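I opened my notebook to look up a few things in this structure. The entries follow in the order I made them.

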Amino acid sequence: MSDQNQQPNAFSPAHLGKISSEPVDEIDLIPWRGSDIAVTLTCSEFTSLCPVTRQPDFGEIEITYGPKAFLAETKSVKLYLTRFREVGVFNEVLIDTIADDLNRQLNPRWVEVVGTFKSRGGISIRVVAHREE
């Protein structure tokens with residue numbers, strides 16, 4: 001884990017302002033000392049792969065959280081989400097994984113991740129994962 005995760009006053013982004021296109025496992029954190037707010041990030045063009053057919057699953061990911069000491073830097077969130085583009089995973093497992101990862105990395109008061117996936121075979125899927133302190 002980088003120093004920025006340890007020190008609330010340090011902001012040393014690994015991706016912001018730099019040429020970065022490779023998927024990442026860890027997001028950049030921005031120090032937060034403000035009041036009680038809710039932040040929503042929406043990725044409207046999310047893709048992963050069906051683990052059975054290896055066909056693409058298209059959807060929207062919405063991440064809402066209440067920051068405690070850090071905000072999520074959005075470019076690194078985009079790069080984090082692209083790591084799933086070539087991964088075969090069920091939608092439910094995917095959303096659960098993203099919620100766990102962001103809860104661990106951001107350490108927010110709470111985080112909610114909603115995945116709304118396009119219809120396949122006439123059935124669409126909406127998955128909600130919620131984590132609290």
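In which helix is Val-93 found? I found Val-93 in helix α2, residues 91-106. Helices (H or I, at least four residues) and strands (E, at least two) are DSSP runs, numbered from the N terminus.

A note on the source: this is a predicted model, where local features need pLDDT of at least 70, side-chain atom pairs count only at pLDDT 80 or more, and totals for chains, interfaces and linings use all residues. Residues are numbered from 1 along each chain as its sequence is written, and side-chain values use heavy atoms, with hydrogens and water left out.

**Entry: the sheet.** I looked up the strand order. It is β2-β3-β5-β6, an open sheet of 4 strands with antiparallel pairing. Two strands pair if DSSP finds at least two bridges between them. β2 and β6 are the edge strands, each pairing on one side only. From one strand to the next, the twist averages 15°. I then checked the helix: α2 packs on this sheet and touches β2, β3, β5 and β6. The direction of α2 makes about 25° with that of β6. Contact means heavy atoms within 4.5 Å. Axes are lines fitted to C-alpha atoms, for helices over the stretch in contact, and angles run from 0 to 180 degrees between N-to-C directions.

**Entry: the pairs.** I went through the bridges.
- β2 and β3 are joined by 9 bridges; Ser-48 has Asp-57 in β3 as its bridge partner.
- β3 (residues 56-66) and β5 (residues 110-120) are joined by 8 bridges; Tyr-65 has Val-111 in β5 as its partner.
- β5 and β6 (residues 123-132) are joined by 9 bridges; Trp-110 stands opposite Glu-132 in β6.

The hairpin of β5 and β6 has 2 residues between the strands, and Gly-121 there takes a positive phi near 65°.

**Entry: Leu-41.** Is Leu-41 buried or exposed? I noted that Leu-41 sits in strand β2, residues 39-49. Leu-41 counts as buried because its relative accessible area is 16%. Buried means under 20%, exposed over 50%, partly exposed in between (1.4 Å probe, protein chains only). Beyond residues up to four places away in sequence, Leu-41 touches Ile-61, Glu-62, Ile-63, Tyr-65, Ala-72, Thr-74 and Val-77. Leu-41 and Tyr-65 are 24 residues apart along the chain, yet their C-alpha atoms are separated by 8.9 Å.

**Entry: Val-93 again.** I came back to the helix residue. Val-93 is partly exposed, because its relative accessibility is 45%.
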